[in-house]
Each structure stands twice: as structure tokens, then as C-alpha cells.
Amino acid sequence: MNDSLVVELLVSGLLYGTPLVLAGLGELLAERGGVMNLGVEAMMLMGAVTAFWFSQSFEGPGWLALLLAILIAALVGMAISTVYAFVVVTLRANQVVSGLALLILGGATGLSSYVASVGELAGPSGRHRLQAYNLFGLSDAPVVGPLIFSQNILVYVSWGLVALAAFYLYRTQTGLHLQAVGEDPRSADAMGINVARYRYAHTVIGGALAGVAGAYYTLAIAPTWVDNVTAGAGWIAIALVITAFWRPGLLLAGAYLFGIVTSLGFTLQARGVDLPPEIFSSLPYVLTILAVVIVSSGWGRERFNAPAALGQPYTREEA
């Protein structure tokens with residue numbers, strides 16, 4: 001039963017969907033505060049290349065190399081997102097233009113490729129890889145075994161983060177304040193909420209999660225380095241936030257659906273079905289384009305319940 005096409009697709013959906021969960025969750029938190037970060041892809045690539053470089057260079061236990069590589073990817077994402085937050089929150093620059101500039105700087109033809117060149121990372125396979133656990137010895141159980149009891153640590157962490165984010169947004173005062181900042185920063189400011197602080201904090205958290213999502217590609221999916229290893233996953237993560245109505249639970253389901261669609265062509269090809277995998281791999285990007293176009297319209301903002309102040313800089317009026 002565990003060798004069936006359905007189970008294989010579901011397992012592949014978890015594998016390819018996990019980095020979308022992590023990056024999308026970070027973007028969701030930032031957007032809930034009114035900051036749209038179109039540079040997610042750049043942060044993922046920088047997280048991917050720095051994590052892989054460290055894991056290749058570190059002399060020590062494999063588990064420690066992986067842990068430190070993930071932490072370094074998170075720190076790199078935080079550093080980049082801090083710069084981005086300074087530009088769009090403090091300097092109040094256009095968020096779309098700033099995000100695209102960040103994408104060009106750190107993207108596939110920018111800083112990530114330069115770092116990989118300096119570290120001579122292209123070619124060799126990774127020395128360390130995140131391995132799946134066999135929780136409670138149930139990895140061979142029908143269906144649920146490979147899906148629930150045979151995953152690597154970041155999959156389980158992503159599930160916990162989704163639950164934590166849902167609780168945070170809807171059950172804590174700080175989460176409700178964040179939503180107020182994203183809906184009406186002027187009213188939130190009048191209530192004594194520090195708009196800039198909330199936007200900084202959640203943009204930086206989003207950057208950390210994007211960095212970890214990038215590290216997942218070079219430490220779990222394919223432990224090697226090739227330019228543009230994330231293949232546009234940052235854009236898909238942004239689209240996921242929109243199509244999930246800015247809700248963590250729907251984001252999780254959507255990420256796994258994207259993961260299934262992404263792997264569908266390769267899975268069918270491996271089973272002897274002669275179909276061009278490019279047809280299936282292009283579907284997530286088509287959906288990404290449609291989602292961004294829809295939410296950019298006034299109708300889309302109302303229909304999808306987007307944060308009212310999303311993408312809008314806030315200038316505090318001094319008394």
C-alpha cells in the first residue's frame with residue numbers, strides 16, 4: 001500500500017511542500033503587519049547557499065553540522081530582512097520596488113551565485129543530509145507511516161510552527177495587535193501600539209524562516225548546490241499566503257498541494273508515464289501569477305480579506 005501512487009505523491013507533497021510552509025509562514029506574519037516582502041526568493045537562496053557551505057566545511061558530528069547550518073541560514077535571513085525592514089519601514093521606500101531590488105541583489109544571478117563561486121560549492125554532493133526518523137517504529141505502518149512517522153526534523157518543526165502561529169495570531173494580545181497594525185496602523189498607533197516595532201520584528205522573523213526554508217533545499221531535498229536551487233519557490237510562497245487568505249492552517253494545506261503538483265510530473269515519469277514534466281512543474285507558477293494579479297485589484301483585496309494596509313508605508317504624525 002505504501003508503494004502506491006497516491007501515497008508516493010503525498011510523501012512527495014510533504015517533501016516539496018515543507019520549504020513552502022516555512023517561507024510562506026514567515027511571509028504571512030510580515031504581511032499581517034502590513035509589509036509585503038517580494039524578496040523571499042533571495043533570502044531562501046542565501047539561506048540555501050550559506051547552509052550548504054557551512055555543512056560542507058564543518059568538521060564535527062553530522063547532527064551538529066546540520067543544526068548549525070540551519071541556524072546560520074536563519075541568521076542570514078534575519079540579516080537580509082533587517083536591511084529590508086530598514087528600507088521599507090524606516091525609510092518608507094516602496095515595498096514592491098525594494099523587494100524586487102533585493103531579489104536581484106541576492107537572487108540566482110546575484111550574491112548567492114557569487115558566494116557559491118567563492119566557496120566552490122557547485123558539483124560535489126553534500127556531506128550531511130537531514131534524515132527521516134522512524135518515530136515509535138511506525139514508519140512502515142500503512143499510509144500514516146511514511147506520512148507522519150517517517151519525516152525529518154524540519155517537517156515536524158514546520159507543523160509546530162503552523163499551530164503556534166495560529167494560536168499567536170488569534171489567541172494572544174500581541175497577535176491581535178499585529179493584525180491591527182496591518183489593518184489600520186494609524187488607529188493602532190493611537191492605541192499605543194508601536195507600529196514600526198511590530199513591522200520590524202515580524203519582517204525579521206519572516207526572513208529567518210525564509211532562510212531556513214532555503215536551507216531545506218540543500219540539506220534535505222537535494223544535498224548539493226546548483227544556481228537557482230529554489231527554482232522560484234519564494235514566489236510560490238508569496239502566492240500561497242494570498243490563496244490561503246492569510247491563515248496558517250490553509251497555508252499548510254496549500255503548500256502540500258503545491259508540493260504534490262510540483263512533483264507530479266517527475267513521479268509519473270519515474271513510473272513510466274511519458275508526459276513532459278515541464279507541464280506539471282509550470283502549474284504552480286501559473287497559479288502564482290493569477291493569485292498576485294487577483295489580489296492586486298481592489299476586488300481581490302476585499303474578496304481575499306487582505307490586510308487593508310498591506311504594502312503601505314506608515315508615517316507617524318507627531319503631536
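A residue is called buried when its relative accessible area is under 20%, exposed when it is over 50%, and partly exposed in between (1.4 Å probe, protein chains only). The model is predicted, so local features need pLDDT of at least 70 and side-chain atom pairs count only at pLDDT 80 or more, while totals for chains, interfaces and linings use all residues. Residues are numbered from 1 along each chain as its sequence is written, and side-chain values use heavy atoms, with hydrogens and water left out.

The chain contains 15 helices and 0 strands; helices (H or I, at least four residues) and strands (E, at least two) are DSSP runs, numbered from the N terminus. Of its 319 residues, 50% count as buried.

The largest nonpolar core has 78 residues, and L20, M44, V49, L130, L219, W225 and L240 touch the most other members. Such a core is a set of buried Ala, Val, Leu, Ile, Met, Phe, Trp, Tyr and Cys residues joined through side-chain atoms within 4.5 Å. Helix α10 (residues 195–221) contributes the most to this core, namely 13 residues. Leaving aside residues up to four places away in sequence, W225 touches, among others, L45, V49, F52 and T218, where contact means heavy atoms within 4.5 Å.

A search of the whole structure finds 1 salt bridge, defined as a side-chain nitrogen of Lys or Arg within 4 Å of a carboxyl oxygen of Asp or Glu. E59 forms a salt bridge with R127, their closest N and O atoms lying 3.5 Å apart. The pair links distant parts of the chain, 68 residues apart: E59 is in the loop between α2 (40–57) and α3 (62–90), and R127 in the loop between α5 (111–118) and α6 (144–148). E59 is exposed, with a relative accessible area of 65%, whereas R127 is partly exposed at 42%.
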